[in-house]
Amino acid sequence: MAEEVLVFGAWGSPFSRRVEMALKLKGIEYKFIEEDLTNKSPSLLKYNPVHKKIPVLVHNGKPVAESLVILEYIDETWKDHPILPKDPYERANARFWAKFIDEKCLSAIFKACWGACWGEEKEHEKAEIEHEKAVKEVSELLQFLENELKEKRYFGGETVGLLDIAANTIGYWLGVFEEASGVELLTREKFPKLCNWANEFVCVTAIKENLPPRDKLIAYFRNRFGAGNASK
Amino acid sequence: MAYEVVLVDTWVSMFGMRVRIALAEKGIKYEYKEEDLCNKSKLLLKINPIYKKIPVLIHNGKPVCESLIIVQYIDEVWNDRSPLMPSDPYPRACARFWADFVDKRVYDVAKKVWTTKGEEQEAAKKEFIETLQILERQLGDHPYFGGERFGFVDLSLITFYSWFYAYETFGNFSIEAECPKIIAWAKRCLQKDSVANTLPDQKKVYEYVVQMRKRFGVE
């Protein structure tokens, strides 16, 4: 039976790019369907009625939603170039950090970049304090990741794994947010290992081919959230 | 082979209960350490410095955190008995999706049911019921979310059952009236020893919630 793999995603979303990165790493052919998130297609709503979000992978007509769930499905279905380690403790570790990135890092990064100018007007001084708190929080979170990397080339060891793919938000999108908002978060002085990792990560072929154009992404976030109000 | 297994937990946590059910399903002996969440131990802060939360499983000295990650770890290490996850990739993906749904949608809104009042509480009750109704539709006519067998999704949700009396009393509503299939499913799960021996009595949980409400100043 001919295999049909569809990916419903959005060009700028790190979550849908994760799915494409994993498929590319494993050499799996797929068809990408770009979703307009302001006008979701009937297909998307049919394949993900619960969350109505991208990405969704549809494999031979069967949908899988939630990017980290999709990554594990891809790894279990196509066994070449495994992205999860075999050892159960290492697997638990990779899952833990991927969840950490999604649940703690992203919202903190957003708050640090755009928190003070997102929503209603705040007094300048109060906004400054909130902003400093958010930047400090991001710094603490990035430090955990810096420590987790240790001396490894990638989070996955010698090759890119599930955690590296999940960390695409840190490896690429964070730099974009920083430039779009004018807020510095991932500095080489504080996070040399993470910076080295990010440079290596974006050079991996399967990753590089799936990064949205930087200028376009910066323009998009600048437009959406404003140019930032951090005092430098 | 002697393995050392320690569980750092608190009796009333629906997340900790998940791990206890998994350990019971697999027949694993372990040391249980009760944590006082108002006065966290040095041990907890050392083994879970990121979140400082229970449950944490310590296996041969190495900590594993986050209840669903711990359950999958248990399933993968003790893979010779009582599987908790399905064996094929697609049903496994569905199981992970629905357990993740329980994590993202049930806990926060259920907490609002007993920590808020007035309009906020009414909105929380409505969302809680809607969430359970989504789960009811997913259950369909199967005995369990896992199909014919109790599995990962059942385990992720059943532990909330021990809190239902508390939700109903403080929310002034009947979960059975709104979601009869969920209650029927819960009673079916309770016929399993691993579940019945793990879930605390609903009245005991209610007493605990009464104390918590005083502490949060909800009254």
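In this short talk I will go through one sheet region of chain B, then the interface between chain A and chain B, and then some salt bridges.

Before that, a word on conventions: this is a predicted model, in which local features need pLDDT of at least 70 and side-chain atom pairs count only at pLDDT 80 or more, while totals for chains, interfaces and linings use all residues. Residues are numbered from 1 along each chain as its sequence is written, chains are lettered from A and ligands numbered from 1 in the order in which they are written, and side-chain values use heavy atoms, with hydrogens and water left out.

Let me start with strand β3 of chain B, residues 56–59, where strands (E, at least two residues) and helices (H or I, at least four) are DSSP runs numbered from the N terminus. B:Val56 and B:Ile58 point one way from this strand, B:Leu57 and B:His59 point the other way, and all are buried, buried being under 20% relative accessible area, exposed over 50% and partly exposed in between, with a 1.4 Å probe and protein chains only.

This strand pairs with two others, and pairing here requires that DSSP finds at least two bridges between the strands. With β1(B), residues 5–9, β3(B) pairs in the antiparallel sense over four bridges, and B:Ile58 is the bridge partner of B:Val6. With β4(B), residues 62–65, the pairing is again antiparallel over four bridges, and there B:Cys65 is the bridge partner of B:Val56. The hairpin of β3(B) and β4(B) has two residues between the strands, and in it B:Asn60 takes a positive phi near 50°.

Now to the interface. Each chain gives 25 residues to the contact, which means heavy atoms within 4.5 Å. The size of an interface is often given as the accessible area lost when the parts come together. Between chain A and chain B that buried area, taken with a 1.4 Å probe and summed over both, is about 2,400 Å², of which carbon and sulfur atoms give 65%.

Across this interface there are seven salt bridges, each a side-chain nitrogen of Lys or Arg within 4 Å of a carboxyl oxygen of Asp or Glu. In one of them A:Glu72 meets B:Arg96, with the closest N and O atoms 3.2 Å apart. On the side of chain A that touches chain B, β4 (62–65), α3 (67–77) and α4 (88–114) each supply at least two residues, and the largest share, eleven residues, comes from α4(A).

Which residue of chain A meets B:Lys104 in a salt bridge? The partner is A:Glu66, at 2.9 Å from N to O. B:Lys104 lies in helix α4 of chain B and A:Glu66 in the loop between β4 and α3 of chain A, so the pair joins two chains. B:Lys104 is partly exposed at 44% relative accessible area, whereas A:Glu66 counts as buried at 17%.

A:Glu76 and B:Arg92 also form a salt bridge, at 2.9 Å from N to O. Here A:Glu76 counts as buried at 13% relative accessibility, and B:Arg92 is buried at 15%. Salt bridges that share partners join A:Glu72, A:Glu76, A:Arg91, A:Arg95, B:Glu76, B:Arg92 and B:Arg96 into one network.

Finally, over all chains the count comes to 28 salt bridges. One of them links A:Asp75 and A:Lys26, at 2.7 Å from N to O. A:Asp75 lies in helix α3 of chain A and A:Lys26 in the loop between α1 (14–25) and β2 (31–34), so the pair ties together parts that are 49 residues apart in sequence.

Terms used: Buried area is the accessible area (1.4 Å probe) that two parts lose on being put together, summed over both.
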